Amino acid sequence: MSNAAALNGEDFNPMTEGLRDGQRLSLDVTRLGVWDSYLMIALIDVMRRCHDRHIGVDTSGLPKGMAALLELSSRVPERTDAIKGVAHRAWLERLGESARSVWLDGFFLTQFIGESATSMVALITGRARFRPIDLWLQIQACGPSALPIVTLISLLVGLILAFVGAVQLALFGAELYMADLVSLGMTREMGALMTAIIMAGRSGAAFAAQMGTMNVNLEISALRVMGFTASDFLVLPRMLALILVMPFLGLYADLMGIIGGGIVAISFFDIPLTQFIQRTSESVHLTDFFIGLFKCSLFGVLIALAGCFRGIQCGRSASAVGEAATSAVVTSIVFIVVADSVVTLICHRLGI
Amino acid sequence: MRTMNRTDSVIKVQDLTLAYGDIVIQKALNFEVRRGDIFVIMGGSGCGKSTLLMHLIGLQKPLHGDIFYGKERLWGVSSEQREQLLRKVGVLFQSGALLSSMTLAENIALPLAEFTALSKKEIDQTVSYKLALVGLAGFEGYYPSEISGGMQKRAGLARAMALDPEILYFDEPSAGLDPISAQLLDELIQSLRDSLGATIIMVTHELASIFAIGTHSIFLDSEAKTAIAFGSPDQLLKTSQDPRVLNFLTRGHPERAGQGVRHE
């Protein structure tokens, strides 16, 4: 073993190959210089082979440290039951398990919605336990600080709506009606939808991450021991904040979208400003605004529910917090789009 | 001040089975904690000490059996009643579990503002007093992330004591503390018991603390899935014949059991 640098596990194989039952292998390392873990791994391998073939190994020639390491590595026998094999499961079993997890998810979500509703009732009757200051902090975090992104997105959506519409309307020489298209589209639909999607990414993910981290730190357990429920203390201020803030953000998004449309109409299609304003005010009624604002509040509830639900459900690791935030956004967007379709359908049936 | 009657049973655990889903962690647990005890729940890692604590403080529902606070049941009653019972309980979690979005003062004021009729000024005074008790006077405005782990733990204790609880739970109080801080915390726990007449229940495997302040204990074993020894830690060390208990109490050198291991 003089040439330590060139040694590896395979080099030891010939040494053991030639040995027969009853013979002994004697290890001598007097000329060994520097050695590291690879030598130990090779030695352990040699000893295991020898053991399997009932060949005695004389380790008295090893330096003290090496002998101690060998002893240490074999002191606690390998727990064969501790090794995690890759569980092989039939596709039917896996399918059943995913179906069951979807079912359980729905079950817990229903339970969570029930708890949140109870908290809402407690709030109305004045028994909800939460700090009003938390509500203000949430309003601040959800509202004013979201204005820049809402401005940008809504302005551009208005712009896009105007362009897409105008190109088609120009075929009939009816470019002027792009004002109707933009203002109705924004107030009834896009204002609420775009705001909701922005808020799902901003606040929904933040809620899930905040509450997930609180879960990891046992803060939620500590709250429960002190007599506070997560649905009162954490969910309620967040949900209220979104219910209150979303309509304002939606209204603001409507205005920005219409301004975006106006910019396109005036600068690209030579429609006079007065005419654009006149068409807009004639086509949009108060009902359209109210439908948009109602949607905003509804989406606010859904975002808060999805964000807080995923946060509370969160496991106790850093990656679980990341998953909670991701799944909060996905869940919110699914909720938003489904709810939007339902509301649109109802409005269509009711003729409003 | 509460009267100290040593024979009072503050907590009685009856035939308790703890489980996560279908996996039973501990079964057939029966023990009593008396007023003024410093009761130690000990055992190796993963034997279910912390799980037992979660059940005692009402965060997890037992699979079987019940826990009595005085004469009242913790489980099998409405959640309002359970909450009422737990009002006299304070818990210090392993990492302190302070609300990270609030300052120390806000953390400690939280239960005071909700469950007492104290004025703002009185709350502030109480907060300062509780922080001073744990040696953190002047740290009111700090956020938990701005102070060290040991300080977080002490602030957590100040919050647990906010409502002057009759029973204080500690989850691994000395874990992650240097020997001197751990010793100071032990002394603090002992003086809280003596001066407030509180009953202390702590989950720990820190031998130094166990022998220094523990007056009673149970030893949980993960193989047997139940408690295998009861009694004061000193007594257990002297009289226990069970190799598992002796190994634990002597750090794996049971032959030294009679020689005052804790003083080495």
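Predicted model: local features only at pLDDT ≥ 70, side-chain atom pairs only at ≥ 80, totals over all residues.
Residues are numbered from 1 along each chain as its sequence is written, and chains are lettered from A and ligands numbered from 1 in the order in which they are written.

**Helices 9 and 10 of chain A**
- Helix 9 (residues 230–268) of chain A packs against helix 10 (residues 273–283) of chain A at about 140°, with axes 10 Å apart.
- Helix 9 of chain A and helix 10 of chain A are therefore oblique to each other.
- Helix 9 of chain A contributes A:Ile258, A:Gly262, A:Ala265 and A:Ile266 to the contact, and helix 10 of chain A contributes A:Leu273, A:Phe276 and A:Thr280 (contact: C-beta atoms, placed from the backbone, within 7 Å).
- By class, this contact has five nonpolar, two polar and no charged residues (nonpolar: Ala, Val, Leu, Ile, Met, Phe, Trp, Tyr, Cys and Pro; charged: Asp, Glu, Lys and Arg; polar: the others, Gly among them).

**Where chain B touches chain A**
- Ten residues of chain A are in contact with 15 residues of chain B.
- Helix 3 (104–115) and helix 2 (79–86) of chain B each supply at least two residues of the side of chain B that touches chain A.
- Helix 3 of chain B gives the most to that side, with four residues.

**Helix 3 of chain B**
- Among its buried residues are B:Leu104, B:Asn107, B:Ile108 and B:Pro111 (buried: 20 or more other C-beta atoms within 10 Å of the residue's own, all placed from the backbone).
- Helix 4 (120–133) and helix 5 (149–160) of chain B are included in what covers the buried residues of helix 3 of chain B.

Notes: Axes fitted to C-alpha atoms, helices over the stretch in contact; angles between N-to-C directions. Parallel < 35°, antiparallel > 145°, perpendicular 65-115°, else oblique. Contact = placed C-beta atoms within 7 Å. Buried ≥ 20, exposed ≤ 12 C-beta atoms within 10 Å, placed from the backbone.
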